[in-house]
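Biologist: Could you walk me through this one? I'd like to start with the core and move on to the sheet.

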Amino acid sequence: MIRLVAPKNIVMTPLIRVIIHHPNLMRSKVFLQAMKIFPQKLSGSYDARMRANQSEYQELLVQGMALIDTLPKTIIDIGTGTGIAAFAAAKVFPEAYILGIDHSDGMIAHAMEKLDQANTGRISFTQGNACDLLYDDQSFDLVVSSNAPIYLDEATRVLKFGGHLMVAFSFAFTAFTRVEADIMNMLKPYGVELLHLKGQGKGVVIIGKKHDASPAWETKTEDPCGG
Ligand SMILES: C[S@@+](CC[C@H](N)C(=O)[O-])C[C@H]1O[C@@H](n2cnc3c(N)ncnc32)[C@H](O)[C@@H]1O
């Protein structure tokens, strides 16, 4: 029987597979440079661009976080942009302190503008680089990455044992379900067990739990961002 595949998935599934199997592509000069230039350029219009499917995606983030069976007190949202996942985390976990980091100061400025409205006193934003986090090993109960490149060695290094990793994308849900086994195998070397891969609309949320130590954290190179 011939299985019909949505045209976007014809591109996205192999692309996601390539990134899963060659994560160092995200440390290449071209990729890092693009990630510095484009988000900075888009920061002023990012929220307006996202608005079309923002409420559906926000709902997915909230539902994904609700699957976490602990009450994290310390949360980092890596590649926070204008803070969509950080603000969602503040709603779901009313006792948590949330730090959003992004290397675009434009994005951080726009995230900070929304702090007054959220009025929680539990969210802060700062500039930082996802491939070279300035935080100690095991600093956070929950590490979140939403629509952003994820550097698993760093994301899982700063995650406490027993803590959760949540990775979400507002697109390509079915492409991610196709590579679920690859995702499970990608997380394993970092001591992270895949707990959930949940989709809604176009989006997907992936949740893992860190159990074991990983040798990957010991081998931090001098220039972890590849530049
Ligand atoms: C598409 S935006 C997503 C923003 C937000 N998390 C969301 O869900 O709307 C990707 C963000 O990742 C950030 N980013 C990309 N590479 C990064 C890195 N190495 N360190 C920190 N932030 C990074 C970009 O600056 C950008 O703000």
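Predicted model: local features only at pLDDT ≥ 70, side-chain atom pairs only at ≥ 80, totals over all residues.

Biologist: How many residues has the largest nonpolar core?

Modeller: A nonpolar core joins buried Ala, Val, Leu, Ile, Met, Phe, Trp, Tyr and Cys residues through C-beta atoms within 7 Å; buried takes 20 or more other C-beta atoms within 10 Å of a residue's own, with C-beta atoms placed from the backbone. Ile 75, Ile 76 and Ala 89 are among those with the most contacts inside the largest one, and its size is 53 residues.

Biologist: Which element gives this core its largest share?

Modeller: Helices here are DSSP runs of H or I, at least four residues, and strands are E runs of at least two, numbered from the N terminus. The largest share is seven residues, and they come from α4.

Biologist: Which strands stand at the edges of the sheet?

Modeller: The sheet is open, with seven strands in the order β3-β2-β1-β4-β5-β7-β6 and mixed pairing. Two strands pair if DSSP finds at least two bridges between them. Each edge strand has a single partner, so one side is left without a neighbour in the sheet: they're β3 (123–127) and β6 (192–200).

Biologist: In which sense do β4 and β5 pair, parallel or antiparallel?

Modeller: Phe 140 stands opposite Leu 159 in β5. Strands β4 (residues 140–146) and β5 (residues 159–169) share six bridges, and the sense is parallel.

Key:
Residues numbered from 1 in each chain as written. Buried ≥ 20, exposed ≤ 12 C-beta atoms within 10 Å, placed from the backbone.
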